[in-house]
Amino acid sequence: MSDWTEVLAVESILHVGLDEPETSELRGCFAQPVLAFETLPRIQVDRGRLMVEHPHRMNQFVPIGRAVFHAIFEDDFDFITALALWGGPCLPGARGMMDLRHRLPGLVRAMAVTRFGQVPRGYADRGTIVVTDSERVAKWGNWHCGEDKSRFSGSWNATQPTLFEEYVEGEAVRIVLVGERAWQVRMAGDGWLKSIHHQNTAFMPIDPELLDDSRRLATHFGLEVVSVDYILAPDGSRHLLEVNHVPNVTVFPEVRGAYLDLVVEWASEDSLRSNRLR
């Protein structure tokens, strides 16, 4: 039987966004064919069936039994929404990714769940000016990658739809959840912007209240893999910044290993049956 015939005969596992090292490690863990794409493939959903265009055969669509999505693309919202429409087993949950993909509505949904949403937020339409007597942070766009942010005081000319929040001095931390595993990361940076990619970023003891809040958010959105960013203020107060529907899992080897283990475990037959019963 050729590889192409095998793909047509069996529902494949779809991997989207994973880089080659991770794809190579995972490919050998499954009996089913794995179709891996570093960018968004073309898909179709028809009568509850997910189909993806084969990477080497244009306009040839093959059935998908389950999907693993781990990437952020500029134009991925419709793709994620299609996965949610399909309703099949997807890691992380497609509906939760869809609910959090856009910055403003994602934050509004998260603030209804978190215990730490007290920071005042606002919004400005394109072409309007915001005047303030305190330091604020302007956020625009939907990248979720630490970009499109600016700290300001006085006034701000919104050149595109913009989210505003009070600037809170403090320590930026992230709770990372991968299945049942959890870590707290102290974010670092040379200025006020902090990142998981900075050389001084490191694990730190987990705050049980932040962990509980993050798990509540993960459960609400149906996400097995998620990261939640907070600010720890000098007075001890905690403040939600953002829920990341597709968190980085490759910076720390411990997180990477746990993620790959979760993908394999989730894609097992027992896990697949469990997802179909939900």
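Reader: In which loop is the place of asparagine 59?
Author: The structure is a predicted model, in which local features need pLDDT of at least 70, side-chain atom pairs count only at pLDDT 80 or more, and totals for chains, interfaces and linings use all residues. Residues are numbered from 1 along each chain as its sequence is written, and side-chain values use heavy atoms, with hydrogens and water left out. Helices (H or I, at least four residues) and strands (E, at least two) are DSSP runs numbered from the N terminus. Asparagine 59 has its place in the loop between E4 and strand E5 (61–69).

Reader: Is asparagine 59 buried or exposed?
Author: Buried means under 20% relative accessible area, exposed over 50%, and partly exposed in between, with a 1.4 Å probe and protein chains only. The relative accessibility of asparagine 59 is 54%, so this residue counts as exposed.

Reader: What is the phi of arginine 47?
Author: Arginine 47 sits in the loop between strand E3 (43–46) and strand E4 (49–53). With a relative accessible area of 84%, arginine 47 is exposed. Its phi is positive although the residue is not glycine, with a value near 55°.

Reader: What is the omega of the peptide bond from leucine 91 to proline 92?
Author: Proline 92 belongs to the loop between strand E6 (90–91) and helix H4 (94–100). The peptide bond from leucine 91 to proline 92 is cis, and its omega is near -10°.

Reader: With which side chain does the side chain of arginine 186 make a polar contact?
Author: Arginine 186 is part of strand E12 (residues 181–186), and its 32% relative accessibility makes it partly exposed. Contact means heavy atoms within 4.5 Å; leaving aside residues up to four places away in sequence, arginine 186 touches Glu171, Ala172, Asn200, Thr201, Ala202, Phe203 and Met204. A polar contact is a pair of N or O atoms within 3.5 Å; within protein, one must be able to donate a hydrogen and the other to accept it, and residues adjacent in sequence count only if both atoms are side-chain atoms. At 2.5 Å, the partner in such a contact is the side chain of glutamate 171.

Reader: How far apart are the C-alpha atoms of tryptophan 192 and lysine 139?
Author: Tryptophan 192 has its place in the loop between E12 and strand E13 (202–204), and it is partly exposed because its relative accessibility is 30%. Beyond residues up to four places away in sequence, tryptophan 192 touches Val137, Lys149, Ser150, Arg151 and Tyr167. Lysine 139 lies 53 residues away along the chain, and the two C-alpha atoms are separated by 14 Å.

Reader: Is serine 214 buried or exposed?
Author: Serine 214 occurs in helix H6 (residues 208–221). Apart from residues up to four places away in sequence, it touches Ile175, Leu177, Val228 and Tyr230. Its relative accessibility is 0%, so serine 214 counts as buried.

Reader: At what angle do helix H2 (residues 20–27) and H7 pack?
Author: Pro21, Glu22, Glu25 and Leu26 in H2 meet Arg256, Leu260, Val263 and Val264 in H7. Axes are lines fitted to C-alpha atoms, for helices over the stretch in contact, and angles run from 0 to 180 degrees between N-to-C directions. The axes of H2 and H7 are 11 Å apart, and the angle is about 40°.

Reader: Which residues of H7 are buried?
Author: Helix H7 comprises residues 253–266. Its buried residues are Val255, Arg256, Ala258, Tyr259, Leu260, Leu262, Val263 and Trp266.

Conventions
The expected span of a helix is 1.5 Å times one less than its number of residues.
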